[in-house]
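Colleague: I am new to this one. Could you walk me through it?

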Amino acid sequence: MTMVLYDAPGPKARRRSLLISIVGAIAIAGGLAALIWALGAERVSANGAVQPGMWDGSRWDIFNDLAVWRSIGEGAAATLRMAAVAAVFALIIGVLFSFGRAARSRWVRIPVTIVLEFFRGMPVLLMMLFILLVFATGSYWAGVAALAVYNGAIIGEALRAGIQSLPKGQREAGLSIGLTVLQTRFMIEFPQAFRQMLPIILAQMVVLLKDTSLAYIVGYPELLRVGVNYLSNFFGNRYFFSLFFVVLVIYLAMNLLLSWVARFVARKTGPKAGKLIAAGVDDAGRIPGASGTRAITLPGAHGGTIDRRER
Amino acid sequence: MDAIIENLPLFLRGFWGTLQLLIVSGIGAFIIGVIIAAMRISPVASLRAFATVYTELLRNIPLTLVLFFTANVLPYLDFKPGYMTLAMIGLTAYTSPFVAEAVRSGVNGVPVGQAEAARSIGLTFGQVLTLVVMPQALRMVVPPLINVFIALTKNTSVAGGFFVFELFQTAQQLTNLRGDRVVAILLGVAFFYLIITVPLGLIAGQVEKRVAVLR
């Protein structure tokens, strides 16, 4: 899209673009350097005592201690456990919601729709508090249940959209060979809808992993609480920043990894992989002309499906 | 019911806090998001790279960590403008990449033929953008943008966990005071959230329908 907006740059435009690029890069790098320097500067507190900067060794020496890493590992494990359990329940709830939402009887469909809308419009945090206080489940199950219900509602909506987008013939064919309505749903419609919506479901899993950190607020000892609050209480306040920095990096690593997996799977088994012949879409997954019109189709453009998609 | 009615002033104060958070960080996120989106589609490589890294990083940090940073770490680094402002900064930073993605997908959603046609009749780059691409892109961007703001409304509740008085904090304080009326109080708070999110959702649906007719 972007390339369509302007001509291929000539020598003058290329030079100008390079110049702006360099100036921009210097400005951004300068800003980062200033930030790092400001964090590293010694600070004088109100009573005149000088404290070391944030990168000083005395603020980072606890990371030589294996016990610190063990605690952080436990926190990370608690986060991942909550995410995994909630994800399984969310999928189950999502399937149930999608059935209720696509039910033929109005007496099922309308109440399910209202409940679903209610859950989708609620902050997850409020749901956690509700479950924690009303059902007195403890913070772990409050977190799991709220995450499962909220993400289940969204996955259910996605699955319903997937079922609805299927060609009508799928369902008719299923019914005409004598399957019951439920069998058609389970054996014909659902597998296709699931595959079509897999990218959305996986993206929702990333959201779920991120949202486990909300359990921090209802008091669940997950990565943030263990890594920053407990450890800086134990080892002293001067490690506060370094501990936060490490926890942040761990969270980023977990989420980026899952995002990349989600994107990879989406590329491999996106909607187009569900069709026998992706009509009108070339093997790089583009609609012809989407990347600029080309009057002549180059020979061999349709060979080597796999390595083309790899790019 | 009586637990809600006798505490109505507190509910309204919480609601006002939520609205403040929503409006200020909504506007802030919109401005920064549009700038980031513009950087993302600009011809300058270093701006594009910066925008990509910014979006990727901020989208993968949980909101709790962002607000923990603004509410606990920034004051630790001697930056103390008050918890409300700090929460607004955090929510703005967290929401801006989502705005940027919505805007960018809108620009990408304009059929290529439109830009090609505009260029073929001799419009300059600026004219192509302002006269042909942007008017169509912005219209398509409205429903996803509203969805971003609905998410922001729900996300303001996290600020309640970091010393800001808004609806979630109202819920926490009132349920402490009136342990016997927990369900009524929490449903009351839920109602106030729905007052914001449901109309926004209806508007988004309405706009989406209009755009669908046009295409």
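Modeller: Let us begin with one span. Residues 18–39 of chain A are 100% helix and 0% strand, and the end C-alpha atoms lie 31 Å apart. Helices here are DSSP runs of H or I with at least four residues, strands are runs of E with at least two, and both are numbered from the N terminus. This is a predicted model, in which local features need pLDDT of at least 70 and side-chain atom pairs count only at pLDDT 80 or more, while totals for chains, interfaces and linings use all residues. Residues are numbered from 1 along each chain as its sequence is written, chains are lettered from A and ligands numbered from 1 in the order in which they are written, and side-chain values use heavy atoms, with hydrogens and water left out.

Colleague: Which residues of chain A does the UniProt annotation "transmembrane region" cover?

Modeller: The unreviewed UniProt entry gives that annotation to residues 18–39, 78–100, 112–134 and 239–262 of chain A. Its positions are in the numbering used here, feature names are shortened, and annotations may be inferred rather than shown by experiment. Residues 112–134 of chain A are 87% helix and 0% strand, with end C-alpha atoms 22 Å apart.

Colleague: Changing topic: how many residues of chain B are in contact with chain A?

Modeller: In chain B, 52 residues are in contact (heavy atoms within 4.5 Å) with 55 residues of chain A. The two chains bury about 4,700 Å² between them, 73% of it on carbon and sulfur atoms. Buried area is the accessible area (1.4 Å probe) that two parts lose on being put together, summed over both.

Colleague: Which residues of chain B lose the most area to chain A?

Modeller: Those are B:N60, B:L65 and B:Y76, together 15% of what the chain B side buries.

Colleague: At what angle do α11(A) and α4(B) pack?

Modeller: Helix α11 (residues 240–268) of chain A and helix α4 (residues 63–76) of chain B pack at about 160°, with their axes 11 Å apart. Axes are lines fitted to C-alpha atoms, for helices over the stretch in contact, and angles run from 0 to 180 degrees between N-to-C directions. The angle makes α11(A) roughly antiparallel to α4(B); angles under 35 degrees count as roughly parallel, over 145 as roughly antiparallel, 65 to 115 as roughly perpendicular and the rest as oblique.

Colleague: Which residues meet there?

Modeller: A:F240, A:F241, A:F244, A:V247, A:L248 and A:Y251 of α11(A) meet B:L65, B:F68, B:F69, B:N72, B:V73 and B:Y76 of α4(B).

Colleague: What about helix pairs within a chain?

Modeller: In chain A, helix α6 (residues 139–165) and helix α8 (residues 181–196) pack at about 110°, with axes 8 Å apart. They are therefore roughly perpendicular to each other. In chain B, the axes of helix α2 (residues 8–40) and helix α7 (residues 125–159) come within 9 Å and cross at roughly 130°. That makes α2(B) oblique to α7(B).
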